[in-house]
Amino acid sequence: MTDLWFTEMHEKDAKFCIKTTKHLHSEKSKFQQIDIYESDTFGRFLTLDGFMMLTEKDEFIYHDMITHTAMAVNPDIKRVLIIGGGDGGTAREILRYPTIEKVDLVEIDERVVRLCQKFLPQTACKLDQDERLHLYFEDGLNFTERAHDSSYDLVLVDSTDPIGPGEGLFTYAFYQNCSRILSEEGILINQHESPYYAEDAYEMRRSHAKIKKTFPIAKVYQFHMPTYPSGHWLFGFASKKYDPIMDLQKDRWLNFGLYTKYYNLELHQGAFMLPTYVKEGLQHA
């Protein structure tokens with residue numbers, strides 16, 4: 001019997017492979033190729049157009065860092081917009097806060113949501129299961145263009161890379177709309193690519209340049225994701241008011257009493273302390 005391996009090309013001469021035990025599902029939606037596999041080491045995992053989106057083993061790292069960082073800076077966040085995030089992991093984490101009143105999740109591809117509900121309940125467990133969560137199946141850029149001014153306290157851009165369906169989420173127009181629909185105390189967190197491989201680093205600089213011109217406070221923080229290219233990945237933190245270190249509300253966040261498997265308050269501060277090559281790359285943005 002021939003072994004089945006999932007392979008993602010990170011560079012022309014570098015690739016990442018996982019031996020799979022089963023190919024659970026494969027389909028071409030209106031927007032992208034969707035595949036779900038099973039493996040011994042990483043559990044079930046989702047790929048879109050051949051790119052790794054999440055695995056059961058390490059998804060907690062990404063979803064901890066995209067959500068809890070903002071909540072520890074502004075614990076008064078109540079209205080949240082998630083762009084992308086069809087696997088449900090970001091919604092799962094933000095809905096752990098009892099103070100959250102509304103979460104709008106905008107995912108362009110409904111098939112991603114429905115397949116994750118079927119095959120990846122670990123992340124999709126809150127989708128259609130929490131009355132605070134509202135699902136919209138449409139383009140995120142179009143949604144933000146129609147949204148009212150100051151209608152959200154937090155925007156979480158849980159997007160794919162800036163190719164295919166995710167391309168519009170890395171534009172000036174999108175970031176300007178995010179600024180407009182955020183309250184004066186609002187925060188934007190965006191998937192900020194990786195500083196390591198050349199193509200990813202180029203998109204990192206391009207995204208950061210646009211956000212710096214849109215928000216008075218624009219910082220970058222890092223996390224370590226074993227199944228993403230190079231394992232070194234970034235989020236962007238942008239705000240009209242809050243600095244992610246100076247305005248960290250340690251006691252108030254601890255009062256939520258949440259257990260987090262990756263995120264903690266010491267890591268929060270350390271994550272913004274970037275390696276020299278990353279800082280230099282961002283300075284040239």
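This is a predicted model: local features need pLDDT of at least 70, side-chain atom pairs count only at pLDDT 80 or more; totals for chains, interfaces and linings use all residues.
The unreviewed UniProt entry lists Asp158 under "active site". Aspartate 158 belongs to strand E10, which covers residues 152-158. The residue is classed as buried because its relative accessibility is 8%, below the 20% limit for that class. Beyond its neighbours within four places in sequence, aspartate 158 contacts Tyr62, His63, Ile66, Ile82, Ile83, Gly84, Gly85, Asp87 and Thr90.

The second largest pocket has a volume of about 240 Å³. Its lining is made up of 13 residues, with Lys219, Val220, Phe272, Leu274 and Lys279 nearest the centre. Strand E12 (217-224) and helix H10 (276-283) are the elements that supply two or more residues to this lining. By residue class, the lining comprises eight nonpolar, two polar and three charged residues.

In the whole structure, 18 salt bridges were found. One of them joins aspartate 128 to arginine 114, with the closest N and O atoms 2.8 Å apart. Aspartate 128 lies in the loop between helix H4 (121-124) and strand E9 (133-136), and arginine 114 in helix H3 (residues 110-119), so the pair ties together parts 14 residues apart in sequence. Both partners are partly exposed, aspartate 128 at 49% relative accessible area and arginine 114 at 26%.

Glutamate 38 and arginine 44 also form a salt bridge, at 3.1 Å from N to O; glutamate 38 is partly exposed at 23%, as is arginine 44 at 23%. In the salt bridge between arginine 132 and aspartate 130 the N to O distance is 2.9 Å. Here arginine 132 is buried at 18% and aspartate 130 is buried at 13%. Salt bridges with shared partners link Glu59, Arg92, Glu93 and Arg96 into one network.

How values were computed
Residues are numbered from 1 along each chain as its sequence is written. Side-chain values use heavy atoms; hydrogens and water are left out. UniProt positions are given in the numbering used here, feature names are shortened, and annotations may be inferred rather than shown by experiment. Helices (H or I, at least four residues) and strands (E, at least two) are DSSP runs, numbered from the N terminus. Buried means under 20% relative accessible area, exposed over 50%, partly exposed in between (1.4 Å probe, protein chains only). Contact means heavy atoms within 4.5 Å. On a 1 Å grid over the protein atoms alone, a cavity is a set of points where a 1.4 Å probe fits but cannot get out, and a pocket is an open set with protein on both sides within 12 Å along at least five of seven lines; lining residues have an atom within 4 Å of a point. Grid points are joined across faces, edges and corners, and a volume is the space filled by probe spheres set on the points. Ala, Val, Leu, Ile, Met, Phe, Trp, Tyr, Cys and Pro count as nonpolar, Asp, Glu, Lys and Arg as charged, and the others, Gly among them, as polar. A salt bridge is a side-chain nitrogen of Lys or Arg within 4 Å of a carboxyl oxygen of Asp or Glu.
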